[in-house]
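Work through the exercises below with the structure in view. Try each task before reading its solution.

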Amino acid sequence: MILFWVVAVLSVASALTVVLHGNPVYCALALVMALFQVALMFVALDAHLLALLQVIVYAGAIVVLFLFVIMLLSLEPDVPSPGRYGMRAAAITLTVVLGVEVGAAVLLSEPGSPDPPPLDFGSTRMVAERLFTAHALPFELTSVLLLMAMVGAVVMARRHT
Amino acid sequence: MEAPVDCYLVLAAILFAIGALGVVLRRNVIVILMSVELMLNAVNVTFVALARKALAVDGQVIVFFVMTVAAAEVAIGLAIVLANFTQRRTVNADEIGLLRW
């Protein structure tokens, strides 16, 4: 329970930093923090393989990509544009409503206490068995998606001569 | 004492709301992409929590696919941001109206 509260406070704080900080570099660093907290949640929820992948793929690859692009762009600080504060109030209201709605939906559901998981729940073997049997076709399609993304990124980022 | 799974569902909902707030509030395209990443992560937490609750590992398998799509989305999105920046020198979402009617 203590772990949960530590993770909850840190993840919400770092997520708010991502959303509210003016400097994109700090946003990216706060994003690393938030993603690590999510990895901790995965550990607490018996998804050890996913926690590992979370750190490697998200914190290792995706955030580095963000930082590279921020570095390449040499941005000025983000000043909030004037005349959008009505939009801003509407956005905040919408988000609060969304949060309350989803939270209420979860709280009103039956609060069943979960059974203790089998010892190898979330292990590489167990996840891989499902991945390569029941979900083999989506797994193969993933390779097509990644290939398309790779080609697309190269085409998009190339300078047009 | 271990925290019940429902706590993680509520936390994921809060994180998702914060991410959505970022998407509608910020005008910097890169920060909008980061907020989308936050939202995807919140959904991942929901999947894993429900997988734990139902003791079905399929929820964790889906997180694999979400991670893959997230990686592809970031790669393409940042490539578009770069290509746009070289031509128009801006990352402000309000000034990028190329496909807007």
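**Exercise 1.** Compare the radius of gyration of chain B with that of a compact globule of 101 residues.

Solution. The model is predicted. A compact globule of 101 residues would come out near 13 Å, but chain B has 17 Å. Next, take the box along the principal axes: the C-alpha atoms of chain B fill roughly 55 × 25 × 25 Å. Then turn to burial. Buried residues make up 50% of the 101 residues in chain B.

**Exercise 2.** State which elements chain B has, and in what order.

Solution. Count first: chain B has three helices and zero strands. From the N terminus on, the order is α-α-α.

**Exercise 3.** Describe the side of chain A that touches chain B.

Solution. Start with the size of the contact: 68 residues come from chain A and 64 residues from chain B. Helices H1 (2-20), H2 (24-44), H3 (48-73), H4 (85-108), H5 (124-133) and H6 (136-157) of chain A each supply at least two.

**Exercise 4.** Determine how H6(A) and H3(B) are oriented to each other.

Solution. H6(A) packs on helix H3 (residues 58-88) of chain B at an angle of about 10°, with the axes 8 Å apart. Angles under 35 degrees count as roughly parallel. H6(A) and H3(B) are therefore roughly parallel to each other. Now inspect the contact. Residues from H6(A) include A:Leu145, A:Ala149 and A:Gly152, while those from H3(B) include B:Phe65, B:Ala72 and B:Ile76. The contact of H6(A) with H3(B) has 15 nonpolar, three polar and no charged residues.

Conventions:
Residues are numbered from 1 along each chain as its sequence is written. Chains are lettered from A and ligands numbered from 1 in the order in which they are written. This is a predicted model: local features need pLDDT of at least 70, side-chain atom pairs count only at pLDDT 80 or more; totals for chains, interfaces and linings use all residues. Two residues are in contact if their C-beta atoms, placed from the backbone, lie within 7 Å. Helices (H or I, at least four residues) and strands (E, at least two) are DSSP runs, numbered from the N terminus. Ala, Val, Leu, Ile, Met, Phe, Trp, Tyr, Cys and Pro count as nonpolar, Asp, Glu, Lys and Arg as charged, and the others, Gly among them, as polar. Axes are lines fitted to C-alpha atoms, for helices over the stretch in contact, and angles run from 0 to 180 degrees between N-to-C directions. Angles under 35 degrees count as roughly parallel, over 145 as roughly antiparallel, 65 to 115 as roughly perpendicular and the rest as oblique. The radius of gyration is taken over C-alpha atoms; the globule rule is 2.2 Å times the number of residues to the power 0.38. A residue is buried if 20 or more other C-beta atoms lie within 10 Å of its own, exposed if 12 or fewer, and partly exposed in between; C-beta atoms are placed from the backbone.
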